[in-house]
Amino acid sequence: MKAFKKGLQVLIVCAFLIIPAQVFSAQIIYTFILDGSASLSEKDFRAQNNAISAYLKILNAKAKAQKGMPADWAGVHYFGGDTDFEPIPYYNCSHDAETRLVSSGISRVAHPKYGHTAIYTALAKGTYMALRHEKKLADEHAHVVILITDGSDTNSSARFKKLIGQTFPNKRV
């Protein structure tokens with residue numbers, strides 16, 4: 001991933017762990033992994049939080065419009081260096097009160113300004129959190145992982161880079 005001087009990058013990693021015929025009626029576990037490193041400006045930190053907050057409200061409206069359908073789940077995680085990872089627990093997107101609580105909470109999160117950017121570590125930890133959450137649920141789920149960052153990895157351990165390279169194979173890891 002090339003670093004940009006200004007603006008945020010969005011990396012969307014989708015891993016569908018169910019058979020295709022079930023995709024359209026399956027629950028989705030959304031994992032949002034948000035940059036909390038010091039290189040991210042306060043303005044961009046607020047912009048990413050506001051965008052995710054708005055998206056969570058859209059997921060809530062979608063769930064209310066699809067009564068009787070399985071609800072989606074969402075979790076938000078902030079990352080920085082290899083040891084900086086702050087998860088917000090997954091919640092059911094059809095619950096209005098939880099959506100309001102998480103959405104307004106994200107809007108008020110103080111910028112942690114972590115010292116590094118460990119993208120591969122954050123992807124590995126975020127994916128693990130999603131799979132761990134799925135074990136608590138009755139059915140299989142589709143997974144969508146969305147990473148927002150302003151730069152390149154500066155701090156992931158070699159084992160996490162290797163793990164992500166094996167999990168999401170491409171030529172860019």
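Before anything else, a working definition: I call two residues in contact when they have heavy atoms within 4.5 Å. I also keep in mind that this is a predicted model.

**Entry: isoleucine 29**

I started with isoleucine 29, which sits in strand β2. Which residues does isoleucine 29 touch, leaving aside neighbours within four places in sequence? I found contacts with Trp73, Tyr90, Ala130, His133, Glu134, Leu137, His141, Ala142, His143 and Val144. Isoleucine 29 has a relative accessible area of 0%, so I put it down as buried. I then checked aspartate 72, which is 43 residues away along the chain from isoleucine 29. Their C-alpha atoms are separated by 5.9 Å.

Next I looked at confidence. The chain has an average pLDDT of 81, and 82% of the residues score at least 70. Strand β3 comes out highest, at a mean of 95, while strand β1 (residues 9-16) is lowest, at 48. Residues 1-5 stay under 50, and the model gives them 15 contacts beyond four places in sequence. Residues 12-23 are below 50 as well, with 23 contacts beyond near neighbours in sequence. Where pLDDT is low, the predicted coordinates should not be read in detail. I leave the contacts of those stretches as they are.

**Entry: the cores**

Which residues have the most contacts inside the largest nonpolar core? They are Phe32, Ile52, Leu56, Ala74 and Val76, in a core of 20 residues. I traced where the core comes from: β2 (28-35), α1 (42-65), β3 (73-79), α2 (96-108) and β5 (142-149) each give at least two residues to it. Another core lies apart from this one, with 18 residues, including Trp73, Met129, Ala130 and Ile164. In soluble globular proteins, nonpolar side chains tend to be buried together.

Not counting residues up to four places away in sequence, valine 76 touches Phe32, Leu34, Ile52, Leu56, Glu86, Pro87, Ile88 and Ile106.

**Entry: strand β5**

How many of the residues of β5 are buried? I count 8 of the 8, so the strand is largely enclosed by the rest of the structure. One side carries Ala142, Val144, Ile146 and Ile148, the other His143, Val145, Leu147 and Thr149, and both faces are covered. β5 runs parallel to β2, and 7 bridges join the two.

**Entry: aromatic rings**

I found 4 aromatic pairs in the structure. In one of them, tyrosine 30 and tyrosine 55 have ring centres 6.0 Å apart and planes at 75 degrees, so I noted the pair as edge-to-face. Tyrosine 30 belongs to strand β2 and tyrosine 55 to helix α1, 25 residues apart, so the pair links distant parts of the chain. Tyrosine 30 is buried at 7% relative accessible area, whereas tyrosine 55 is partly exposed at 31%.

A further pair is phenylalanine 45 with tyrosine 78: ring centres 5.8 Å apart, planes at 40 degrees, so this pair is tilted. Here helix α1 supplies phenylalanine 45 and strand β3 supplies tyrosine 78, 33 residues apart. Both phenylalanine 45 and tyrosine 78 are buried. I also noted an aromatic cluster made of Tyr30, Phe32 and Tyr55.

**Entry: helix α3**

Helix α3 (residues 119-135) has 17 residues, which at 1.5 Å a residue should span 24 Å. Its end C-alpha atoms are 25 Å apart, which agrees. Among the buried ones I listed Ile119, Leu123, Met129, Ala130, His133 and Glu134.

**Entry: cysteine 93**

Last stop: cysteine 93, in the loop between β4 (85-92) and α2. Is cysteine 93 buried or exposed? Its relative accessibility is 0%, so cysteine 93 counts as buried. Beyond its neighbours within four places in sequence, cysteine 93 is in contact with Leu59, Asn60, Ala63, Asp72, Trp73, Ala74 and Thr99. I checked alanine 61 too: from cysteine 93 it is 32 residues away in sequence and 8.6 Å away in space, C-alpha to C-alpha.

Definitions and conventions
Residues numbered from 1 in each chain as written. Predicted model: local features only at pLDDT ≥ 70, side-chain atom pairs only at ≥ 80, totals over all residues. Heavy atoms only, no water. Core = buried A, V, L, I, M, F, W, Y, C linked by side-chain atoms within 4.5 Å. Buried < 20%, exposed > 50% of the residue type's maximum accessible area, 1.4 Å probe, protein only. Helix = DSSP H or I, 4+ residues; strand = E, 2+ residues; numbered from the N terminus. Phe/Tyr/Trp six-rings, centres within 6.5 Å; stacked < 30°, edge-to-face > 60°. Expected span 1.5 Å × (residues − 1). Pairing = 2+ DSSP bridges. pLDDT = per-residue confidence, 0-100.
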